[in-house]
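Me: I'm new to this one. Can you walk me through how to read it?

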Amino acid sequence: MAGRAKPDQLTKPVGTITRGTTGVNRLRRSDRWLINDELVRARLQTAPDPLVVDLGYGASPWTTLELATRVRTVRADVRVIGLEIDPERVVPGRDGVGFARGGFELAGLRPVLVRAFNVLRQYPESAVPDAWATILSGVAPDGLLVDGTCDELGRRCAWVLLDRSGPLSLTLAWDPFTVERPSDIAERLPKALIHRNVPGEPIHALLTAADRAWAHAAPHAPFGPRVRWRTAAESLRQEGFPVRTYRRRMRDCVLSVPWSAVAPNNDRT
């Protein structure tokens, strides 16, 4: 029966209270990606305990409830718990979803997947490595973390997928009909990259090349922005950028690359 989750009450929450901005369906693009990504699906389907934690869900729990509905299409017995460091935001459980107080330490839980959206954006860049390390130390042995950022309406999104070995990939996703060019997503890059979008850094090179490929694909504009973006993405691959190919038709424009393609220069030394 749904109710307040009961994680380890001796665990002190780690982190600081954030603004808590949220909104209905704000994280739909990342949710669509999560439930279709082969690695995420495999980890959920094979987990002995399919626990998912939504870390820092904000002032209202709508996005946590939406996440639960979506991940249950991958595995019906997935358990979802929303964690908030602000005790005033912890609400009674509903629809099979629990809520509790917790921070980067995950309240003593051992999830196979943690989603932390618009949380680290409100921290200094220097805090990101320790935050990642703390969260990943608490996940299941093959657990995953999604650290992401999006705008208020969820039209521009970016996230890093990590496991215990570190970052695995960067994904950008945007509404095909409201974004003029790929580099417009730069303002929503995760905290680990948002200050790295400067000449000489790999993320800047990727976004610059994406804009160039988008411009060259302009003759495909009459067929719609999705077709145009597929053409642009193929151009990026031909230039040597390791842009992931998706077999299925995508509702969103999606640009996903291995972390090694965008890792900050100071992380490569």
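Reply: Helices (H or I, at least four residues) and strands (E, at least two) are DSSP runs, numbered from the N terminus. This is a predicted model, where local features need pLDDT of at least 70, side-chain atom pairs count only at pLDDT 80 or more, and totals for chains, interfaces and linings use all residues. Residues are numbered from 1 along each chain as its sequence is written, and side-chain values use heavy atoms, leaving out hydrogens and water.

Me: What is the mean pLDDT of the chain?

Reply: pLDDT is the predictor's confidence in each residue, from 0 to 100. Here the chain's mean is 91, with 90% of its residues at 70 or more. Over residues 1-5, though, the pLDDT is below 50.

Me: Why is helix H3 largely enclosed by the rest of the structure?

Reply: Because 8 of the 10 residues of H3 (residues 62-71) are buried. Among them are Thr64 and Leu67. The buried residues of H3 pack against helix H1 (28-36) and strands E1, E2 (79-84), E3 (97-101) and E4 (113-117).

Me: Is Asp54 buried or exposed?

Reply: Asp54, in strand E1 (residues 51-55), is buried because its relative accessibility is 2%.

Me: Which side chains does the side chain of Asp54 make a polar contact with?

Reply: A polar contact is a pair of N or O atoms within 3.5 Å; within protein, one must be able to donate a hydrogen and the other to accept it, and residues adjacent in sequence count only if both atoms are side-chain atoms. For Asp54, the partners are the side chains of Thr64 (2.5 Å) and Arg115 (2.9 Å).

Methods: Contact = heavy atoms within 4.5 Å. Buried < 20%, exposed > 50% of the residue type's maximum accessible area, 1.4 Å probe, protein only.
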